[in-house]
Amino acid sequence: MLSPERALPAGTRPAAAALLLLLLLLRGAGAQKGDGCGHTVLGPESGTLTSINYPVTYPNSTVCEWEIRVKSGQRVQLKFGDFDIEDSDSCHFNYLRVYNGIGPTRTEIGKYCGLGFQMDNLIESKSNEVTVQFMSGTHISGRGFLASYATTDKSDLITCLENASHFSEPEFNKYCPAGCVISFADISGTVPHGYRDSSSLCMAGVHAGVVSNILGGQINVVISKGIPYYESSLANNVTSKVGQLSASLFTFKTSGCYGTLGMESGVIPDSQITASSSLEWPDQTGQANLWTPERARLKRPGPPWAASITDGYQWLQIDLNKEKRITGIITTGSTIAEYYYYISAYRILYSDDAQKWTAYREPGIDQDKIFQGNTEYYQEVRNNFIPPIIARFVRINPLKWHQKIAMKVELLGCQFSIVRAPKLTMPPPPQSSNDFSLQTDKTTSTPEIKNTTMTPSVTKDVALAAVLVPVLVMVFTTLILILVCAWHWRNRKKKAEGTYDLPYWDRAGWWKGMKQFLPAKSAEHEETPVRYSSSEVSHLRPREVPTMLQTQSAEYAQPLVGGSVGTFPQRSTFKPEEGQEASYADVDPYNSPVQEVYHAYAEPLPVTGPEYATPIIMDMSGHPTAPIGASSISTFKVTGNQAPPIVGTCNKLLARTDSSSSAHALYDTPKGMPVPGSSDELVYQVPQCVSHFTES
């Protein structure tokens, strides 16, 4: 078996050292890179480096050195994603060395070799400069290595080979180094659906526009359930492949400044889209086809914008009407199969006044950035600007195209927040012709800077409206509720005054109503009784009285149910149910079983009338007495000594005694009415068909 890493002390100088110096001399002065260098991106804060031919076997007799510099005052940390260097010669001819510093004064940190060696620990420098040296001699196998570096303040550094399946947390933050767009890593998926869990995290971050391949950056990853199919797309010079079902996927949390700026939606009017030239040509029918700048709206049907001249000086210009934060661009070709036109490479220029233009460049790069365009006429290709562009005017300058210059476009971004300098409360310095600077170090407190797109006056108005609107809504709601309640109470009052009284169980004083169901304690507590005269009712026909009463009936409340009642309740006009026998309780109770019962009813009570119904006065003197054996029925009862009727006959009328000392009657005198004492008293029909004799 091959041994793991063997770190040799700095003082050891094997014969391989002489060979290395000889190779460096043969390759010329300043052979810092050499012929053994693979993929290399050295950024100002992070980067990535690999051996030649990685991940396949590196060649024999190669050498490479990488000189890494970061900002002064910082230190460098080095992390290996893969390490596979053959150690058959005990690190004499195949090894990797790391040094503190650059040049002749550098000191060795360590010397490493081994096949499949797991270097989990970070290697840290003592200064802001590090030299990494790779040497290969004669060997049989070995992939080489892949390493990433960053400043020591990036404690969550990962390499370009890390994917989401290496982490168990549902959400995590990591730092991706620069240079993670590598040909031997794969990703599947796109924005916004997500990326397959087997995809490289940092390469997917570049594809999504979260980090820059030149600068690197922080990523915020969220793990969620996988989907059956992952689409393929081209973005930021990274092509994602089609992926199949996976158990999980990941997405990135961003600032949210990736909305469309109005080309597709029409927010940007046609007058604000101009071009250097436009293609105009007649079709087969002789009708003119105009491929004007306003046709360069993404996802709009029809032809695109096309230039009439095919050279590198053509441009398409978009006026955003005011400064915006522009974070990306999406382009397509002609989108028409008959016209296979598209732009494969272009530059981006921006301006605030459409007079002075600046070409977009990445930080630390002295050349204009060339954006990869389309590879066919219909596919959408996205490119992001990291850092974003702050401008009003944007120009697209095509550099390469297929057949003709033609495209549709959409800009991505958001509103630009202008941060105004805070006002200082310190007194103004003395006037001087040579001193124009403000002494900001004398400020006693840190000013508050608000990130808003509105002016201060608009902000105050919005704050005032946010307070007043809820208060006004509450006030109007309260007034409406008060009006509704008043209207409802008024209607209920009118309804109560215009109708007859409800039964006592429907009133608030339910206990008073319940007393009416209880039997009377004594007749002595009743009011002055009503007395009846038998002489005034002797001429009444028993069956004609109920017939006359039933011809003009009014609507009455339902009778009280259950129990024997001693007195009529106040203002009661209840109508008994048909076919039921009325029963009353008194000190002189009697039973009058009959086969048919007819009831007489009082007139409906007026609103301001007495509390009892008005007695019914009838003159039946002109009617003959019914023959013996006819059934005479009455619902009224009188008191006094009465002769027992003949069993089986019902034709005798009982008269009321004129003595004031007679027993009390069951019917009270209405309140507010005088006690009847004259001969012209009210006449009521007395019960008939008494089957047995009852003494008072």
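## A tour of rings, charges and a covered helix

Start with Phe371, which is buried, with a relative accessible area of 1%. Keep in mind that this model is predicted.

**Stop 1: a ring pair.** How are the two rings arranged? Tyr346 and Phe371 form a stacked aromatic pair, 5.7 Å centre to centre, with 15° between the planes. Now colour the strands. Tyr346 belongs to strand β23 (residues 342-351). Phe371 belongs to strand β25 (residues 371-372). The pair links distant parts of the chain, 25 residues apart.

**Stop 2: a cluster.** Select Tyr58, Trp66, Phe80, Phe83, Phe117, Phe134 and Phe145. Together they form one aromatic cluster. Across the model, the count is 23 aromatic pairs.

**Stop 3: charges over rings.** Select Tyr99 and Arg106. The charged end of Arg106 sits over the Tyr99 ring, 4.2 Å from its centre. Next, select Tyr175 and Lys154. Here Lys154 lies over the face of Tyr175, 5.3 Å from the ring centre.

Stop 4: Select helix α2, residues 201-208. How many of its residues are buried? The answer is eight of eight, and the helix is described as mostly covered. Click through the buried residues, including Leu201, Cys202, Met203 and His207. Then step past the end of the helix. Gly209 follows α2, and its phi is positive, near 80°.

Definitions and conventions:
Residues are numbered from 1 along each chain as its sequence is written. This is a predicted model: local features need pLDDT of at least 70, side-chain atom pairs count only at pLDDT 80 or more; totals for chains, interfaces and linings use all residues. Side-chain values use heavy atoms; hydrogens and water are left out. Rings of Phe, Tyr and Trp (its six-membered ring) pair if their centres lie within 6.5 Å; planes under 30 degrees apart count as stacked, over 60 as edge-to-face and the rest as tilted. Helices (H or I, at least four residues) and strands (E, at least two) are DSSP runs, numbered from the N terminus. Buried means under 20% relative accessible area, exposed over 50%, partly exposed in between (1.4 Å probe, protein chains only). A charge sits over a ring if NZ of Lys or CZ of Arg is within 6 Å of the ring centre and within 35 degrees of the ring normal.
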